[in-house]
Every structure is written in C-alpha cells, then in structure tokens.
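Hi everyone, thanks for coming. Have a look at what's on the screen, and I'll talk you through it.

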Amino acid sequence: MIPLSLGEIATVVGGTVEGDGAVTVTAPAVLDGRQAEPGGLFVAFAGEHVDGHDYAIQAGRAGAVAVLGSRPTALPTVVVEDAKAALQALATHVVARLRDGLTVVGVTGSRGKTSTKDLLAAVLSSAAPTIATFGSLNNDLGVPLTMLRSNAATRFLVLEMGVRRIGDISKLTGLVAPDVGVVLNVGQAHLSHLGSREATAQAKGELVQGLAPGGTAVLSADDPRVVAMRSLTDCPVLTFGQAEHADVRVLDVVLDRLARPSFTLRTAATSARVGLPLVGTHQTLNASAAAAAGLAAGVPLDGAAAALPTVSLSKWRLELRDLVGGATLLNDSFNADPDSTRAALDALAAIEGGRRIAVLGEMLELGDDNEAEHRAIGEYAASRADVVVAVGTRPLADGAGERAVALADNAAAVEWLRGRLTAGDVVLVKASRGARLDKVAAALASGPHDVLVGRPMDDR
C-alpha cells in the first residue's frame, strides 16, 4: 500500500472522515481485523449476521490505524455509502498511481488458475518485486485487496480473476486493465451459473477484451474455445500448450515415482528443460502458461525455466504427504470439477505405490449435468483407482461399480480409512470446497508427516 492519509482516502472514495483525518495508512487493507498489520486499513461490512464495524477495536489491536466502512467506529473512519465500491475505487487509484512502473497480469480459466498464478508469481518474482493474489481471492473483493498490496517497489502485479456470471471479469478489468491476460481453458466449472461452455467462453473472453492498449493475450493452444479468443482483440497473442503450433510448447514429459514432471519448454528461438516439484502431468500446461506470460512481461525462457522449480502452491492443491504407517496422502481438496478431478485421478494412478484409493466427494455447480457427471467420474475413477470411496454422492458410487465404497459423510470416511490404510497405499482426497473434504485430509494427516512436495528434484 502506498502511504495515504484518511483525508486523501476520503477524497478518492467520496467519503467523509470521522476522527483524525491526518492518520496515514501505510499497510494493506484487510476484511478480517485479526489479519490487520501495523499501519493497515480495516474494511468493515455490515452483513446479515455479523457487522464488521463491531470489530474495529480488534483490528486496532492487531495494528490497523483506520477503518473504511458505512458508519463511524472506535478508530478513525472514512464513512461511505458502499464499502465495496469504495474499496474498489481506492484500489484503482493506488494502481493508477503506480502504473508507469508496473506490469499487471490477469489469469483466468475454468481450472488451474491458482496453480498457474503461483507458477507465474515464481517466474516474475525472480526478475523483480512481485505481488500476487493470495490463495484464490479472485472476486470483486479479493482483486482490489490484492491491488492494494502494491507499493512503489512493486514491478509485477498478478491478479487471479474468477467468474460466476457473464460480466464478472469485465468489472475486474474495469478496476485495472491488464497488460497481459492469460486464459487457460474453458471447462465445466460453474455451469449452474453460466449454463454452457459457450457462455463460459464468453465470460472468460472478457479478460482478452479488457486488456490495456498494447497488451498481450496469452491463450491455450490446446483449447479451441480459448484459441478462438484471438478474434476478441487486436493485441499480440502468445499461445502455450502441447499443440504443435503453440508458441511455448510442452515436449518430452517424464514423470518420477511421485508423478512429478520433467519436460521441455520450446519456443521458436530456444528451449529449456524444466523439473517441477508438483504432482501431475497437467502442471506442465500451467507451467507453459506461466512461461508464456513471463515472456510477454519480459522474462526470458531460461529465466522462467530456472524459476519454475521454486514454486510453492497455495494449500490443498495436490499436496503430497507421508502418513503414519507408511501410506501417502494426495490432498487436492480445495475444489473440484470433472476436468480437474480426472487430472487428479491421473496423478493418483501415476504415483508408485500399493493400493490407490480415491476419496471423492461432490462436485458442485454442475447444473443439469450433475448426476451424469458424477456417474462418469465414478466410472473414470474405477479405471484409475483400486478403491473409490464416494462420500455423500450416490451417482459417483454407482458409476464406480464394484470398486465403490459409498459413505454418508466425512466422519464415516475418516473412520473407514483409518481402519484400513496400510503401508504403500496412496490416497487421493478430492471434492468441491463445499464438501469440506479438507477435514478428511486433515484428520488423516493429524499425525507426524513429511511434506513431499518441494523436496529437491534429485529425489526421484
């Protein structure tokens, strides 16, 4: 955050100051007062059940010096009619002040957004100070909060951009027009909101349409709906993927015993060998997207290839752990749709071990395709795993047939697994966020364990 007095903030957002207007905010904005930093700004919302304004004192104890909200608080406060609109206006102002020395990169796609954002952050931070979305805070609150973490030293700003409805990304690019826009794929996530892949493509294409003048679109060469987004812009286009015509192409993929890929990235001018400390062949495509975006931002391929192995992914994305007793946990419980679940099942099948056990919960927001997609995933899981534990989803269990174990809830899944896991077993845990299968993974990993993801790449 660049230093701003409350008086300056009030002018930017059209609010009034209650308290000392000379107080200066020097640290990022937060929505949770417990996360405030010394010099920070607490943004208070009055919700249906909880009023954030009541937590101003808590935020002050954590370090916040001021509040942005809809009524006065115990701290100096900028009072506005709409706290979200004010937060967005403040973020736009701050980034505009920094724009001359800042390259903004937007990342979207039906799956892989967060992993690609993390990979890209590793690439760009190897070249200059970089701010990137924390976790998956990719909506109309998360994006401005990330923007407000920028300061005078920041040279790259990486913004993950999510979508639930047509128009969502247009609103985000209205806050800041990216210099580089990455579109990974068009899949089945959020079909209950968007209705079809065609509508999803329209929603994702808003990132390409919202590029800053002279920007670059970075598009998957493997997804026809994404390739078609070339027509949405006059800006230069870079492509990535496995397709022969990709500008940044993935070749010669080899997996180690933990399904961590080594591969070649090739452009027309050069090539580089890359080894990732991540699980799954699909991560090679995310890495190629990050390398292509790096090229568009001025980071050469050899620099990207050196930086990619240093990545640290956001939590619950195919985290690999040893469990007490000799089994291995593959925790991919953050979210799920049919495409990402197939990728996780492929990774499970590629890991060396004994029995492969897929613990799968509901994939949400699939609309009218819900039952058919769960049944199809059950069938696919039965081809990749020895046992398919279906938690709270009868259609998935039906699809898995004789390999299925149908359980009612997470507690039943933990009990079943704890009583049956043996040395050498590899257990995948995967479901949509709402299913909370992260609690199953946490219960299994509650004993001593080692984090395998991130081990040196010579441990193959």
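Numbering runs from 1 along each chain as its sequence is written, and side-chain values use heavy atoms, with hydrogens and water left out.

What about confidence? pLDDT is the predictor's confidence in each residue, from 0 to 100. The mean for this protein is 94, and 96% of its residues reach 70 or more. Over residues 448-460, though, pLDDT stays under 50. The model does have 39 contacts there beyond four places in sequence, a contact being heavy atoms within 4.5 Å. Where pLDDT is low, the predicted coordinates should not be read in detail.

Now, the pockets. These come from a 1 Å grid over the protein atoms alone: a pocket is an open set of points where a 1.4 Å probe fits, with protein on both sides within 12 Å along at least five of seven lines, and lining residues have an atom within 4 Å of a point. Points are joined across faces, edges and corners, and a volume is the space filled by probe spheres set on them.

The largest pocket holds about 1,300 Å³ of space. It is lined by 49 residues, and the closest to its centre are Gly109, Ser110, Arg111, Gly112 and Lys113. By class, that lining has 13 nonpolar, 19 polar and 17 charged residues. Here, Ala, Val, Leu, Ile, Met, Phe, Trp, Tyr, Cys and Pro count as nonpolar, Asp, Glu, Lys and Arg as charged, and the others, Gly among them, as polar.

Which helix gives the largest share of that lining? That's H12, with four residues. Helices H4 (113-125), H6 (168-175), H10 (283-297) and H12 (338-350) each supply at least two. Helices (H or I, at least four residues) and strands (E, at least two) are DSSP runs, numbered from the N terminus.

Next, the record. An unreviewed UniProt entry puts a "binding site" at Gly109, Ser110, Arg111, Gly112, Lys113, Thr114 and Ser115. The lining of the largest pocket takes in Gly109, Ser110, Arg111, Gly112, Lys113, Thr114 and Ser115 from that set. Keep in mind that such annotations may be inferred rather than shown by experiment.

Let's zoom in on a few of these. Ser110 sits in the loop between strand S8 (103-108) and H4. Is Ser110 buried or exposed? It's buried, at 8% relative accessible area; buried means under 20%, exposed over 50%, and partly exposed in between, using a 1.4 Å probe and protein chains only. Arg111 is in the loop between S8 and H4, but counts as partly exposed at 29%. Among the residues Arg111 touches are Leu184, Asp339 and Ser340. Thr114 belongs to helix H4 and is buried, at 7%. Its contacts include Gly135, Glu160 and Arg317.

Over to the second largest pocket, at about 510 Å³. Of its 18 lining residues, Val30, Gln35, Phe134, Leu137 and Leu145 are closest to the centre. H5 (142-147) gives the largest share, three residues.

Last, UniProt's unreviewed entry has a "Mur ligase C-terminal" domain over residues 317-433. That span is 38% helix and 24% strand, with its end C-alpha atoms 12 Å apart.

Note on methods: This is a predicted model: local features need pLDDT of at least 70, side-chain atom pairs count only at pLDDT 80 or more; totals for chains, interfaces and linings use all residues.
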